[in-house]
Amino acid sequence: MDKKIGKVKSIDKMDNEPWQLNGKTYYDFYVTMEDEAEGRASSLNEFAPPYKVGDEVEYTSTSNHHGTRLKIKKPKTEGSYEPKYSKGSDESIKTQWAIGRAVELTIAEMPTNGNLLDMDSLEATAKEILEMHKRLSS
């Protein structure tokens, strides 16, 4: 099941019924690659997969008693960005949100006599907002 790179030679819609997995409906296509690898590939689009004849794609091929299955996707372009979710980024977003709200509250409460933002009070307000968020979320 090594990843290979190849060009799509032909795509034919299969006559079988669509099937479902995890609430999504899949449609099958019979795909032949220029290196003569061929098999069934599935798509969420009823009319065409997300690649076309002549496209260079990454694919893997697996065979069992049901036949050969191709898993096909377009290769990532060099320098493309693929965001990764992490727990740390979620916490960072919450912290940025709390600081923003604290700044808004502090500015709204500032007297009009020109006092500057007090960083200690700003930090304390942000911490209170985060603690309130944690209490309300649990």
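**Exercise 1.** In this predicted model, determine how the span of helix H2 compares with the expected value.

*Solution.* Helix H2 covers residues 119-137, which amounts to 19 residues. From its first C-alpha to its last, H2 reaches 27 Å. At 1.5 Å a residue, 27 Å is expected, and the span of H2 is close to that value.

**Exercise 2.** Identify the residues of the largest nonpolar core and the element that gives it the largest share.

*Solution.* The core has 12 residues in all: Val8, Tyr27, Phe29, Val31, Met33, Ala37, Ala41, Tyr51, Val57, Tyr59, Leu70 and Ile72. Strand E3 (24-33), E5 and strand E6 (67-73) each give two or more residues to this core. The largest share, four residues, comes from E3. A second, separate core has five residues, among them Ala102, Leu122, Ala126 and Ile129.

**Exercise 3.** Decide whether aspartate 55 is buried or exposed, and describe its surroundings.

*Solution.* Aspartate 55 lies in the loop between strand E4 (38-43) and strand E5 (56-64). Its relative accessibility is 12%, so aspartate 55 counts as buried. A polar atom of its side chain lies 2.9 Å from the backbone nitrogen of lysine 52. Leaving aside neighbours within four places in sequence, aspartate 55 is in contact with Gly6, Lys7, Val8 and Lys74.

Terms used
Residues are numbered from 1 along each chain as its sequence is written. This is a predicted model: local features need pLDDT of at least 70, side-chain atom pairs count only at pLDDT 80 or more; totals for chains, interfaces and linings use all residues. Side-chain values use heavy atoms; hydrogens and water are left out. Buried means under 20% relative accessible area, exposed over 50%, partly exposed in between (1.4 Å probe, protein chains only). A polar contact is a pair of N or O atoms within 3.5 Å; within protein, one must be able to donate a hydrogen and the other to accept it, and residues adjacent in sequence count only if both atoms are side-chain atoms. Contact means heavy atoms within 4.5 Å. A nonpolar core is a set of buried Ala, Val, Leu, Ile, Met, Phe, Trp, Tyr and Cys residues joined through side-chain atoms within 4.5 Å. The expected span of a helix is 1.5 Å times one less than its number of residues.
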